[in-house]
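User: I'd like to go through the labels on this one and hear what backs each of them up. Can you start with the terms?

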Amino acid sequence: TFGSQLSFDVGLLFDHAPPLARICSVVYVGLPFGLAFVYAMQRRHAERRHTDVLTAFYWVAGAGFVLYLLFPVAGPVYAYGQLYPLSPLPAEQVLQLPSVAPPVPRNCVPSLHTAWGLLVWWHARPLARWARALAAAFLGLTLLATLGFGFHYVYDLVVAFPFALTVHALS
């Protein structure tokens with residue numbers, strides 16, 4: 001429905017631009033540093049009223065893992081195996097594949113990395129312009145990583161937005 005399979009497209013981009021893939025990999029595994037950065041910046045400006053970023057992060061983790069049990073989906077790197085990212089299948093062929101994924105973690109819906117990246121970005125709003133720009137770059141690279149490494153489909157990232165917004169509002 002998006003005109004192409006974006007996770008395959010970004011995966012191909014990573015194959016053609018290894019430095020970008022390495023940067024995205026560092027950002028993806030460096031998620032705790034994004035949280036620590038925003039938390040430290042908020043503590044530095046303790047006189048201002050901030051929503052609690054730690055509480056929101058914990059709620060995303062807990063609720064997200066419950067949702068994984070309700071919507072067990074494996075990313076394209078697991079579902080397509082050797083076909084990812086070089087050979088995306090047309091929708092007709094995808095529908096003919098067995099609906100049973102290999103024995104891998106089914107942790108796609110919603111993308112918790114996307115939700116956490118959104119929280120970093122949203123919680124950076126009251127901070128200095130450079131901190132907001134850093135948080136925006138963190139979010140953008142996290143989104144690229146979740147797609148390019150084949151861990152998620154675009155749908156998982158889309159679902160992460162209302163999920164993160166709900167958790168943000170509740171916290």
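Analyst: Helices (H or I, at least four residues) and strands (E, at least two) are DSSP runs numbered from the N terminus. This is a predicted model, where local features need pLDDT of at least 70 and side-chain atom pairs count only at pLDDT 80 or more, while totals for chains, interfaces and linings use all residues. Residues are numbered from 1 along each chain as its sequence is written, and side-chain values use heavy atoms, with hydrogens and water left out.

User: What covers the buried residues of α9?

Analyst: The cover includes α1, α4, α7 (112-123) and α8 (129-148). The buried residues of α9 themselves are V154, D156, L157, A160, F163, A164 and V167. Buried means under 20% relative accessible area, exposed is over 50%, and partly exposed is in between (1.4 Å probe, protein chains only).

User: How do you know what span α9 should have?

Analyst: The expected span is 1.5 Å times one less than the number of residues. With 17 residues (154-170), helix α9 should span 24 Å, and its end C-alpha atoms are 25 Å apart, so the two agree.

User: Why is the pair of F8 and Y80 called edge-to-face?

Analyst: Rings of Phe, Tyr and Trp (its six-membered ring) pair if their centres lie within 6.5 Å; planes under 30 degrees apart are stacked, over 60 edge-to-face, and the rest tilted. F8 and Y80 have ring centres 5.2 Å apart and planes at 80°, so edge-to-face it is. F8 sits in α1 (residues 6-16) and Y80 in the loop between α5 (76-79) and α6 (91-96), so the pair ties together parts 72 residues apart in sequence.

User: What makes F65 partly exposed, and what makes Y68 buried?

Analyst: F65 has a relative accessible area of 48%, so it counts as partly exposed. Y68 has 9%, so it is buried. These two also form an edge-to-face pair, 5.4 Å centre to centre with 85° between the planes.

Definitions and conventions
Contact = heavy atoms within 4.5 Å.
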